[in-house]
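Me: Let's walk through this one together. Start with the surface, please.

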Amino acid sequence: MEEEIKSLINVGFLTIISVSYCYCLPPRIKSGVLRLLSIFPVCVLLVVLPLFFSFSIFTSTTAFFLSAIANSRLILFSFDQGPLFPLPSNLFRFTCFTCFPIQRQQNPKSQDHLSTYVFPVKIAIFVVLLYVHNDIQNLPPTFLLCLHPLYVYLLLEILLTLLRILMTIILGCDLEPHFHEPYLATSLQDFWGRRWNLIVSASLRAIVYTPVRRVCQRVMSSDYAMLIGVFATFVTSGVAHEVVFFYITRAMPTGEVALFFLLHGVCTVAEVAAKRTAFVRRWPVRPVVSWMFTIAFVNVTAGWLFFPQLIRNNLGERCSNEISLLIDFFRSKLFYFPQ
């Protein structure tokens with residue numbers, strides 16, 4: 001446990017030094033390839049930092065916050081884009097917007113009051129799922145098919161919402177929500193583009209989709225360029241998730257996660273193309289039917305390709321044991337009374 005705490009301190013120190021460098025020097029360099037080259041060593045370091053840990057909870061957090069979020073924002077910053085442009089007023093704000101999955105809200109007045117009222121209900125459901133999760137071996141497979149996606153969604157929503165509330169108080173500005181009720185999605189395009197993990201979606205849209213579409217438009221029609229941009233975004237997301245899963249499990253990639261996103265990319269492209277046909281425009285699918293098909297497809301494919309690698313490596317049990325070790329460690333340090 002002491003080694004993990006030392007690694008946490010070292011990673012924190014290296015991150016602060018690296019981000020401070022990015023705040024001070026690169027802005028003096030003209031935006032473009034030269035600024036990207038000046039930031040590139042930091043990007044490499046942020047990819048390596050999750051390997052400092054052996055605990056899954058630390059590895060997954062640093063992989064998401066540093067290797068994914070921070071790297072994508074520094075790349076966008078190299079070209080005067082993203083949440084870091086214009087340059088935040090001080091180093092602390094620059095660090096927060098670099099390392100945390102937060103983004104200034106574009107329309108602060110347009111608050112979603114429904115999400116505010118539903119959030120306590122989500123916490124209550126998550127508590128029930130934690131209790132049920134202890135008897136997961138005794139649950140029927142059909143129930144597990146829905147349990148794993150719901151569990152992961154609620155865990156991410158609750159943690160990221162609490163982080164957003166905390167950072168809103170600290171920074172004094174309205175921040176974008178991370179999710180927009182993904183369980184209400186009526187299509188794959190709606191699910192991935194407008195409801196699921198919106199902060200990451202915005203980064204992928206800026207780093208992958210927009211440049212790929214712009215390049216493809218030079219040699220083909222706008223519609224085909226858009227479809228290739230969508231597919232390229234899913235391919236990139238699949239590769240990134242394979243890397244994150246390697247960080248967490250330390251097992252050789254199986255390709256299942258990449259195949260999950262590849263499949264969803266193909267189906268999303270087919271869905272977008274079908275919506276543009278005269279037949280679908282004339283005979284649109286009822287929203288309740290498309291909602292059922294969308295939720296069923298996401299759950300079935302996630303159970304088939306996304307979760308098996310995590311289940312095989314006992315990620316849930318490992319995280320529970322790690323949290324117990326952390327609690328015992330800090331309890332022994334805080335409430336230790338020498339004889």
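Reply: Patches first, then. They are built from residues with over 30% relative accessible area and no salt bridge; like charges are joined within 9 Å, and nonpolar side chains (Val, Leu, Ile, Met, Phe, Trp, Tyr) within 5 Å. Areas come from the Shrake-Rupley method with a 1.4 Å probe, and for residues only the protein chains shown count as cover.

Me: And the ground rules?

Reply: The model is predicted, so local features need pLDDT of at least 70 and side-chain atom pairs pLDDT 80 or more, while totals for chains, interfaces and linings use all residues. Residues are numbered from 1 along each chain as its sequence is written, and side-chain values use heavy atoms, without hydrogens or water.

Me: Which residues make the nonpolar patch?

Reply: F40, V44, V47, V48, L51, F52 and F246, over about 550 Å². Helix 2 (residues 33-48) contributes most, with 4 residues. Helices here are DSSP runs (H or I, at least four residues), strands are E runs of at least two, and both are numbered from the N terminus.

Me: Where is F52?

Reply: In the loop between helix 2 and helix 3 (56-78). F52 is partly exposed because its relative accessibility is 35%. The classes: buried is under 20% relative accessible area, exposed is over 50%, and partly exposed is in between (1.4 Å probe, protein chains only).

Me: What does helix 3 look like?

Reply: Helix 3 has 23 residues and spans 31 Å between its first and last C-alpha, close to the 33 Å expected. That expectation is 1.5 Å times one less than the number of residues. Helix 3 has a kink of about 30 degrees centred on A63. The bend is the angle between axes fitted to the seven residues ending at a position and the seven starting there.

Me: Is helix 3 enclosed or open?

Reply: Largely enclosed by the rest of the structure, because 18 of its 23 residues are buried. D80, with a positive phi near 55 degrees, follows helix 3.

Me: Switching topic. How many salt bridges?

Reply: The count is 9, taking a side-chain nitrogen of Lys or Arg within 4 Å of a carboxyl oxygen of Asp or Glu. One of them joins K6 and E3 at 3.9 Å, N to O. Those two are 3 residues apart in helix 1 (residues 2-24), so about one helical turn separates them. K6 is partly exposed at 48%, and E3 is exposed at 53%.

Me: What about E181?

Reply: E181 pairs with K122, with the closest N and O atoms 2.9 Å apart. E181 sits in the loop between helix 6 (141-171) and helix 7 (188-195) and K122 in helix 5 (residues 113-133), so the pair ties together parts 59 residues apart in sequence. Both residues are buried: E181 at 3%, K122 at 4%.

Me: And D223?

Reply: D223 bridges to R276, closest N to O 3.2 Å. D223 is in helix 9 (residues 222-249) and R276 in the loop between helix 10 (256-275) and helix 11 (278-282), so parts 53 residues apart in sequence are tied together. D223 is partly exposed at 41%; R276 is partly exposed at 41%. Salt bridges with shared partners also join K122, E157 and E181 into one network.

Me: Last one. What does UniProt mark as transmembrane?

Reply: The unreviewed UniProt entry lists several transmembrane regions, including 36-65 and 257-276. UniProt positions follow the numbering used here, feature names are shortened, and annotations may be inferred rather than shown by experiment. In the model, residues 36-65 are 77% helix and 0% strand, with end C-alpha atoms 20 Å apart. Residues 257-276 are 95% helix and 0% strand, with ends 29 Å apart, C-alpha to C-alpha.
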